[in-house]
2 protein chains.
Amino acid sequence: MNINKFSEITEMSPYTIRYYEKIGLLRGVSRNASGHRWFTEKDIIWVNFIKRLKDTGMPLEEIKKYASLRELGAQTVKERQELLEKHQENLIKHIRQQNEHLKALNTKIDLYKSGEVG
Amino acid sequence: MNINKFSEITEMSPYTIRYYEKIGLLRGVSRNASGHRWFTEKDIIWVNFIKRLKDTGMPLEEIKKYASLRELGAQTVKERQELLEKHQENLIKHIRQQNEHLKALNTKIDLYKSGEVG
DNA sequence: GGTTGACTTAGAGTTAACTCTAACTAGTAG
DNA sequence: CTACTAGTTAGAGTTAACTCTAAGTCAACC
């Protein structure tokens, strides 16, 4: 598919898609006869994984590191797993903290509801 | 207390504290005889609330809106409550999504653990 | 009285992650 | 052949949220 279709499916602007390729996050995207990018199912899967890492707070720099390791093949499996496990830990901590924040926010809103805040 | 002590307690750099005052997030900070900022317990409470809103993804612009409403006193109680309730909703959605991301990440890591990824 | 240290300000610089512009090309429809 | 559309690139511009610099003030110590 062309970049517009890919943009639609992944819900990312063509600008962002090209940017991701430029910084080395999206590699090996093929081209058609006239030099236009031609995206495949594989690209969708990979971009969706990038989005997941990004949405859970991983900086693009670190996602790039994962991408580079992936590029190097089987010998980096362990390192990639470790990277993901560290991220998993961070994410668990993040969720825990967000739940604490939610609790505090609930308390604050209750004060408003009971008219104790003015 | 002076800005350094306040910085230590709130775990924010003096730069950030002055910046927050400059953009109108921190208002009515008093000064001592020689023109230096003098922070009180109230400032700590307020900054901690700001941090909570920020940590849960509220942009400083919107926190500023809440601060402005607060400044206007009792007649804005309803509006402030609504603002917080909208944020509460967003936060609940965010936590739900982060949990989904965590589940997907767990699955991915399991693939690594079982040696199905290379 | 001079130096040191903790503050002050206005405004410039930084960083991450886009987002856009300008100039260009290739394919298609009239 | 011309116009239009959909892409291409390098590189400039934007935004949020800081972070720092430079020049200055003020109180305390030697």
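A residue is taken to be near a molecule or strand if one of its heavy atoms lies within 4 Å of it. The model examined here is predicted, with local features requiring pLDDT of at least 70, side-chain atom pairs counting only at pLDDT 80 or more, and totals for chains, interfaces and linings using all residues. Residues are numbered from 1 along each chain as its sequence is written, chains are lettered from A and ligands numbered from 1 in the order in which they are written, and side-chain values use heavy atoms, with hydrogens and water left out.

Around DNA strand D there are 17 residues, of which Asn2(A), Asn4(A), Arg18(A), Arg37(A) and Tyr20(B) come nearest. Two or more residues of the surface near DNA strand D are given by each of helix 1 and helix 2 of chain A and helix 2 (14–22) of chain B, helices being DSSP runs (H or I, at least four residues) numbered from the N terminus. Helix 2 of chain B gives the most to this surface, with four residues.

The two protein chains are related by a rotation of 180° with 0.0 Å of shift along its axis, which superposes chain B on chain A with an RMSD of 0.0 Å, by least squares on the C-alpha atoms of residues with pLDDT of at least 70 in both. This is the relation of a two-fold axis. Within chain B, the residue that comes closest to the rotation axis is Ile95(B), at 3.2 Å (C-alpha).

The largest nonpolar core has 31 residues, and Leu26(A), Phe39(A) and Leu84(A) have the most contacts inside it; such a core is a set of buried Ala, Val, Leu, Ile, Met, Phe, Trp, Tyr and Cys residues joined through side-chain atoms within 4.5 Å, where buried means under 20% relative accessible area (1.4 Å probe, protein chains only). Helix 3 of chain A gives the most to this core, with six residues. Leu84(A) touches residues of both chains (heavy atoms within 4.5 Å), including Phe49(A), Leu53(A), Leu105(B) and Tyr112(B).

Methods
Buried < 20%, exposed > 50% of the residue type's maximum accessible area, 1.4 Å probe, protein only. Lists of a residue's contacts leave out its neighbours within four places in sequence.
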